[in-house]
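Please examine the sequence and the structure shown here before reading the report.

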Amino acid sequence: MKMAWRNIWRNPRRTLVILTAVFIGVTSMVFLAALMKGMVFSMVENSLYNLTGHVLVRDADFVADPTIVNRLKGIDKILTKVKAQLPEGGKALKRIRLDGFLNTARDSVGVNVVATDLDAEKGVSFIGDIQIDGLRLDNSDKGSVLIGYALSKKIGLSVGKKFVLSMQGTDGELIARSFRIKGIFHTGQEEIEKSVIIMPYIAAEKMLSIDGDGTEIVVDIPISDFEKDDCETLANKINNVMPDSIKALSWKDVIPAVSAYLTLYRSFMYIWYLIVFIAMGFGIVNTVLMAVYERMREFGLLRAMGARSIDILRMVLTEVCLLIIIGLVAGNIVAYIMISVMSSTGLDLSAYSSGMDMINISRIIYPVLTFGDLVKADLTVLALGMAISFYPACKACSFSPVETMRNV
Amino acid sequence: MSIVQVTNVEKIYTQGKVEVKALDGITLSINKGEFVALAGPSGSGKTTLLNIIGGIDSPSKGGVTVDENIYSEMNSFQRADFRLYNVGFVFQAYNLIPVLSAVENVEYVLKLRGIKSKECRERSMAILSEVGLEDMADRRPADLSGGQQQRVAVARAIVGEPALILADEPTANLDSETGEDLLKLMLKLNKEKNVTFIFSTHDKMVMDYATRVIYLRDGKIEDTHTI
């Protein structure tokens, strides 16, 4: 070890070349991975915040036929059973969520009606903390609703105006009822603002005459890493205590496109690691090979003295290992500082907000660094760095003492 | 008792399409404790013969036995191990590892054998003391004179108490006074430890110290002179 340490400082300039290559490689790997993860997590979070939650419990047939016929009967009992399965800090609440028609004197548009406990939505979906022009809804308000800003523009209705909402009833017939717009909400996402109408749970329950029933239970649990399958585990746990007619689905099953994006991001990260590593690897191999050729007489001397190939292999690999570890430590520290700074300020992408909104990514990205990602990047560099260093190390073992001494 | 037995050894090098016979039917026997000089002009085959006796080169024909071990029956790993335990080398130049101090250079051989650090250091310091360099144990080769470097190389060759020490023109890069000091040191170790020394030279002064001088010319033994 001592000899390897001294050997790497024989030619400080060459050592700095390798260290710089490793440093830049690792810093960019860790920093960009954190930024990408922050971007993807923001997309997942926003998607889940748009009413999906982490786990959705619904009637097994509701996915294929999302009508009131496939509702959860006796939803409060189901809710109690679901709550019993939740980890600490988890939340669950019931909703009635169905499609309907909003009719005015001039227009008729399809809408998604979300009836819920407005206070309980806090921290579960955007409903809990939306900005409202007008008045807030009260949970006991049976005749008022909130509509989105984009919808209000489209149909030309403002706060205080009335419209007729029609939905399918339990007997298959249409039920219509008038509601007054109590407030207009803003989410920054046009699609949501155009399609969602929010009302108190009790209002929908009364309109549809489904006392004690609902269409879904949404579950929110504390999650630090969306790549882990905590939600799937919870969904399975809930399914184990439910009859077959009720199905709990993790968000990955509810919005597979977002889940696929997460997988794509993971693959992209590996490709990114590989590209950075190839560039870095060339630097390492070239420089170590140069160092090995410069010291070929010394390797010949060691072989003559009785050093085995494995001794020389070990010596060269130890030198490379030390260099990579120094580069990794430096790279990790700098990347950590960069990420820490950006974690408070964020990366402002407001200039591309329309595009970002479309794919549910926040306008300000905060990098997310996990210990696992750091270890993954470091191990990739260390393992591949050692692997490619076998070539110069084997070269050092192949020098015959006679050949090298002849040049003396 | 014979420690080195060389039997009808030939060594042919190929340089492009030309074959060069470096050794041509060498047969000789060297007894334990001898202080033998291989003499002859450049290109006579001294270094090649030393390399073959040391097991770092293989003959094209013939056989070499050192301390009853036949090289041709060993693979490269066994030969490396054999050298580690039985043969010490002193080369003309580039003898020491520049990043190690004098004492670390000496103990390197012992460490290769897996001996514990403390024992390595004690034995190395003792041998450096014998060659008169105990005060310079912590100096790197660059901070030692040519003569001192060669003495460290001799100390390293002898620290493992090998049966045989091979020295390829050990005094070639030294002035005559330093060269003579080195020879006296080698002779002293030869006598005190009964280690066999074989060294190549074309320096008359060096030959005068040898108990036997084997003259080589064009890869053949031209003459042998025993003192």
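The report below treats helix packing, a loop residue, backbone angles and cysteines.

This is a predicted model, in which local features need pLDDT of at least 70 and side-chain atom pairs count only at pLDDT 80 or more, while totals for chains, interfaces and linings use all residues. Residues are numbered from 1 along each chain as its sequence is written, chains are lettered from A and ligands numbered from 1 in the order in which they are written, and side-chain values use heavy atoms, with hydrogens and water left out.

**Helix H3 of chain B**

Helices (H or I, at least four residues) and strands (E, at least two) are DSSP runs, numbered from the N terminus. Buried means under 20% relative accessible area, exposed over 50%, and partly exposed in between (1.4 Å probe, protein chains only). Of the 11 residues of H3(B), 10 are buried, so this helix is largely enclosed by the rest of the structure. Among the buried residues are Glu104(B), Asn105(B), Glu107(B) and Tyr108(B). With contact taken as heavy atoms within 4.5 Å, the buried residues of H3(B) pack against helices of both chains: H1 (2–8), H10 (296–305) and H11 (309–345) of chain A, and H2 (76–86), H4 and H5 of chain B. Just after H3(B), Gly114(B) has a positive phi of about 85°.

Axes are lines fitted to C-alpha atoms, for helices over the stretch in contact, and angles run from 0 to 180 degrees between N-to-C directions. Angles under 35 degrees count as roughly parallel, over 145 as roughly antiparallel, 65 to 115 as roughly perpendicular and the rest as oblique. The axes of H3 (residues 102–112) and H4 (residues 117–130) of chain B come within 9 Å and cross at roughly 125°; the two helices are therefore oblique to each other. On the H3(B) side the contact includes Val103(B), Val106(B) and Leu110(B), and on the H4(B) side it includes Cys120(B), Ile127(B) and Leu128(B). The contact residues comprise 8 nonpolar, 2 polar and 5 charged (Ala, Val, Leu, Ile, Met, Phe, Trp, Tyr, Cys and Pro count as nonpolar, Asp, Glu, Lys and Arg as charged, and the others, Gly among them, as polar).

H4(B) also packs with H5(B), at an angle of about 130° and with the axes 9 Å apart. This makes H4(B) oblique to H5(B). Arg123(B), Ser124(B), Ile127(B) and Leu128(B) of H4(B) meet Val152(B), Ala155(B), Ile158(B) and Val159(B) of H5(B). These residues divide into 6 nonpolar, 1 polar and 1 charged.

**A buried loop residue in chain A**

Ile127(A) lies in the loop between strand E3 (108–116) and strand E4 (131–134) of chain A, yet Ile127(A) is buried, at 3% relative accessible area. Leaving aside residues up to four places away in sequence, Ile127(A) touches Leu51(A), Val114(A), Thr116(A), Leu118(A), Glu121(A) and Ile198(A). Leu51(A) is 76 residues from Ile127(A) in sequence, but their C-alpha atoms are 8.3 Å apart.

**Cysteines**

The structure holds 0 disulfides over all chains, a disulfide being a pair of cysteine sulfur atoms within 2.5 Å. For Cys394(A), the nearest cysteine sulfur is that of Cys397(A), 5.7 Å away. Cys394(A) is partly exposed, at 38% relative accessible area, whereas Cys120(B) is buried, at 0%.
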